[in-house]
Amino acid sequence: MTLYHGSATPGITVLDPRFSNPKDPHIYLTDCPALAVIYAHNPVKGGYFPYFFDKEGQLCYEEYFPNALDLYKGFGGYVYTAEAEGLPQRENMPWAYKSAAPIPVTGCRSIPDLYGELLRLEESGELRIIRFRDLTEQKLQGIYKMLHREAQRESLKDHPESEYAQFYQAHFPFLL
């Protein structure tokens, strides 16, 4: 099965779990090439990827604040391909697979303009971008509750110097 891995790092020849979470080292892959594009740039250390798959299986990116997609402006990235069989899927994420063993890269696509690529994916129907202005108040309240739980779980109030806390301070100060 062909799987995809998005990264900002050029020249990867082997997807190696040593660069992931040291507490649970795995390499993560997806069967959705458009999702790998989203992961080709990590807007903030700590991981900020506001996407979901809707009931019809459509990949959706939600802007949790005005012009959030701009976080991809000025960045390029890479979508690596790998062939792997029998990898376990991540719990509650049937589109994501993980491996504790290194996996050789079989291909790479360089994307010099991730922002433009996300807009192209939207135009082709591979990605639905839900703009902040189109979110209902009820939807925003649900998003803010989720983000508040994340801020508490990560103890962002206790670590205001962290990049993740500073990201929250810039975009969601009312949650800290």
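**Exercise 1.** List the residues in contact with glutamate 63, leaving aside its neighbours within four places in sequence.

*Solution.* Contact means heavy atoms within 4.5 Å. By that cut-off, the partners of glutamate 63 are Ala68, Leu69, Ile130, Arg131, Phe132 and Leu135. Glutamate 63 itself sits in the loop between β5 (59-62) and β6 (77-83); strands are DSSP runs of E, at least two residues, numbered from the N terminus.

The model is predicted: local features need pLDDT of at least 70, side-chain atom pairs count only at pLDDT 80 or more, and totals for chains, interfaces and linings use all residues. Residues are numbered from 1 along each chain as its sequence is written, and side-chain values use heavy atoms, without hydrogens and water.

**Exercise 2.** Which backbone nitrogens does the side chain of glutamate 63 reach?

*Solution.* Step one: the side chain reaches the backbone nitrogen of alanine 68 at 3.0 Å.

**Exercise 3.** Determine which salt bridges arginine 120 forms with glutamate 117 and glutamate 126.

*Solution.* A salt bridge is a side-chain nitrogen of Lys or Arg within 4 Å of a carboxyl oxygen of Asp or Glu. With glutamate 117, the closest N and O atoms are 2.8 Å apart. With glutamate 126, the N to O distance is 3.9 Å. Salt bridges that share partners join Arg109, Glu117, Arg120 and Glu126 into one network.

Definitions and conventions: Helices (H or I, at least four residues) and strands (E, at least two) are DSSP runs, numbered from the N terminus. A polar contact is a pair of N or O atoms within 3.5 Å; within protein, one must be able to donate a hydrogen and the other to accept it, and residues adjacent in sequence count only if both atoms are side-chain atoms.
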